[in-house]
Amino acid sequence: MLLPDDYVVLDLETTGVSWYRDTIIEFGAVKVVDRKPIATFQQLVNPFRPLSPRITQLTGITRDMLAPAPDLDDVLPAFLDWCGDDALIGHNIARFDIKFIDIAAQRILQRSVPNPVIDTLQMSRTLFPYERHHRLLDLIQRFGIADVEEHRALADAEQTRMCFEWMRDYEERH
């Protein structure tokens with residue numbers, strides 16, 4: 001597979017796991033040009049609904065942090081403009097993040113997101129079928145990137161970028 005040198009790695013934090021019931025509360029992304037990070041995007045989003053204690057415990061994001069944040073109708077168009085037409089890369093992006101973004105884009109912009117998508121979860125499963133686990137935490141530990149996953153969008157996007165580049169280099173060597 002020909003992997004792009006210019007791309008955006010993204011991660012979302014959400015109010016839950018249902019694309020239809022839940023919503024985005026944080027965007028985090030790293031823009032990469034010629035395989036080098038050049039810019040970041042981080043924005044909290046006010047969901048205008050209570051957060052479950054589980055989400056606050058997982059992410060550290062509180063209702064007070066979200067109260068002054070803009071709503072998704074303002075953040076999503078700015079984020080998609082920032083991404084441009086670059087490929088979007090994420091860990092479990094195909095089954096999670098892009099679904100949230102695409103549903104929001106259809107509602108807010110009356111269109112789907114046309115960017116190509118590369119999923120590091122699927123990439124890991126393809127490259128390492130003998131490994132039992134492929135969570136982001138498993139990859140960052142296996143590749144010596146970090147010991148913990150922060151569950152904050154920008155930090156997780158940066159760790160995903162490092163995993164993507166690690167797997168790309170591995171694939172080129174083998």
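**Entry 1: Arg-35**

I began in the loop between strand S2 (24–33) and strand S3 (36–44), where Arg-35 is found. The model I am reading is a predicted one. I looked up the backbone angle of Arg-35 and found a positive phi of about 70°, although this residue is not a glycine. I noted that value because most residues other than glycine have a negative phi. Is Arg-35 buried, partly exposed or exposed? Its relative accessibility is 25%, so I put Arg-35 down as partly exposed.

**Entry 2: Asn-92**

I then turned to Asn-92, which sits in the loop between strand S4 (87–90) and helix H4 (97–109). Asn-92 is not a glycine, yet its phi is positive, near 65°. For Asn-92 I read a relative accessibility of 25%, so it counts as partly exposed.

**Entry 3: the whole chain**

Next I stepped back to the chain. How many helices and strands are there? I listed seven helices and five strands. Reading along the sequence, I wrote the pattern down as β-β-β-α-α-α-β-α-β-α-α-α. The radius of gyration is 16 Å, and the globule rule gives 16 Å for 174 residues, so the chain is as compact as a globular protein of that length. I also took the span of the C-alpha trace along its principal axes, which is about 50 × 35 × 25 Å.

Of the 174 residues, 49% count as buried. I looked up contacts between residues at least 6 apart in sequence, and 66% of these join residues at least 24 apart.

**Entry 4: surface and charge**

The chain exposes about 9,100 Å², and I noted that carbon and sulfur atoms supply 51% of this area. I recorded 19 positive and 28 negative side chains. The centres of these two sets lie 5 Å apart.

**Entry 5: cysteines**

How many disulfides does the structure hold? I found zero. Cys-83 is in no disulfide, and the nearest cysteine sulfur to its own belongs to Cys-163, 19 Å away. A disulfide needs sulfur atoms within 2.5 Å, so for Cys-163 the 19 Å to the sulfur of Cys-83 is too far for a bond. I checked burial as well. Cys-83 has 2% relative accessibility and counts as buried. Cys-163, at 1%, also counts as buried.

**Entry 6: Leu-3**

Which residues does Leu-3 contact, leaving aside its neighbours within four places in sequence? I listed Ile-118, Met-123, Phe-164, Arg-168 and Glu-171. I also looked up Glu-165, which is 162 residues from Leu-3 along the chain; their C-alpha atoms are separated by 9.9 Å.

**Entry 7: Ser-124**

My last stop was helix H5 (residues 120–127), the place of Ser-124. Is Ser-124 buried or exposed? I read 0% relative accessibility, so Ser-124 counts as buried. Leaving aside neighbours within four places in sequence, I found Ser-124 in contact with His-134, Leu-139, Arg-142 and Met-167.

Notes
Residues numbered from 1 in each chain as written. Predicted model: local features only at pLDDT ≥ 70, side-chain atom pairs only at ≥ 80, totals over all residues. Heavy atoms only, no water. Helix = DSSP H or I, 4+ residues; strand = E, 2+ residues; numbered from the N terminus. Rg over C-alpha atoms; globule rule 2.2 N^0.38 Å. Buried < 20%, exposed > 50% of the residue type's maximum accessible area, 1.4 Å probe, protein only. Contact = heavy atoms within 4.5 Å. Areas by Shrake-Rupley, 256 points an atom, 1.4 Å probe, with all protein chains shown as cover. Lys, Arg positive; Asp, Glu negative; His and termini not counted. Charge placed at Lys NZ, Arg CZ, Asp CG, Glu CD.
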